[in-house]
Amino acid sequence: MLDENNELHNREMHISGKYAFEKKPNIETQKPNIETQKPNIDGVQPLDNVSAISRKQIQMIYNELGKKEFFGRTNVEQLLNIKSFRANEIIKLMKELDIITPVQGKGKGKYRFKVGNKL
């Protein structure tokens, strides 16, 4: 066509403009760096942000099960005489506070207190 370099694709040759393609915005391909860990604030003890009841329950778990090789949800249920939902919440809280660590090779849901943690 008159020595012009035109694209002759069917989808781009619609005259009405009804099917015209808008340019897509340039979206960066990298994901934003969102920190997943809580910031370490100097001078704040791990249990300062925890309610008194939860703090007491964690202390009881540590006193009774802290010396064991590992413990699970059922051990926490029996020790504190609580339901499984509350035991899961306590274990989740201890994981968030970085007090316990999962045990490998003993099955899912087994934990131990980290060495050097004093409650």
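Modeller: Contact means heavy atoms within 4.5 Å. Helices and strands are DSSP runs numbered from the N terminus, helices (H or I) of at least four residues and strands (E) of at least two. This is a predicted model, where local features need pLDDT of at least 70, side-chain atom pairs count only at pLDDT 80 or more, and totals for chains, interfaces and linings use all residues. Residues are numbered from 1 along each chain as its sequence is written, and side-chain values use heavy atoms, with hydrogens and water left out.

Biologist: What does the secondary structure come to, and which pattern does the protein follow along the sequence?

Modeller: There are three helices and three strands. Along the sequence they run α-β-α-α-β-β.

Biologist: How do you know that the span of helix H1 agrees with its number of residues?

Modeller: H1 covers residues 52-65, which is 14 residues. The expected span is 1.5 Å times one less than the number of residues. That gives 20 Å for H1, and its end C-alpha atoms are 20 Å apart, so the two agree.

Biologist: Which residues of H1 are buried?

Modeller: Ser54, Gln57, Ile58, Ile61, Tyr62 and Leu65. Buried means under 20% relative accessible area, exposed over 50%, and partly exposed in between (1.4 Å probe, protein chains only).

Biologist: Which elements do the buried residues of H1 pack against?

Modeller: They pack against strand S1 (71-72), helix H2 (73-80), helix H3 (84-96) and strand S3 (110-113).

Biologist: Take leucine 65, in helix H1. Why is leucine 65 called buried?

Modeller: Its relative accessible area is 8%, so leucine 65 counts as buried. Beyond four places in sequence, leucine 65 touches Phe71, Asn75, Val76, Leu79 and Phe113. Valine 76 is eleven residues from leucine 65 in sequence, with 8.6 Å between their C-alpha atoms.

Biologist: How many aromatic pairs are there?

Modeller: Two. Rings of Phe, Tyr and Trp (its six-membered ring) pair if their centres lie within 6.5 Å; planes under 30 degrees apart count as stacked, over 60 as edge-to-face and the rest as tilted.

Biologist: Why is the pair of tyrosine 62 and phenylalanine 113 called edge-to-face?

Modeller: Their ring centres are 5.0 Å apart and their planes stand at 85°, so the pair is edge-to-face. It links distant parts of the chain: tyrosine 62 sits in helix H1, phenylalanine 113 in strand S3, 51 residues apart. Both residues are buried. Tyr62 and Phe113 form one aromatic cluster with Phe71.

Biologist: What is the order of the strands in the sheet?

Modeller: The sheet is open, has three strands in the order S1-S3-S2, and pairs them antiparallel. S1 and strand S2 (100-102) are the edge strands, since each pairs on one side only.

Biologist: How do you know that S1 and S3 pair?

Modeller: Two strands pair if DSSP finds at least two bridges between them. S1 and S3 have two bridges, in the antiparallel sense.

Biologist: Is asparagine 81 buried or exposed, and why?

Modeller: Asparagine 81 has 71% relative accessibility, so it counts as exposed. Aspartate 98 has 44%, so it counts as partly exposed.
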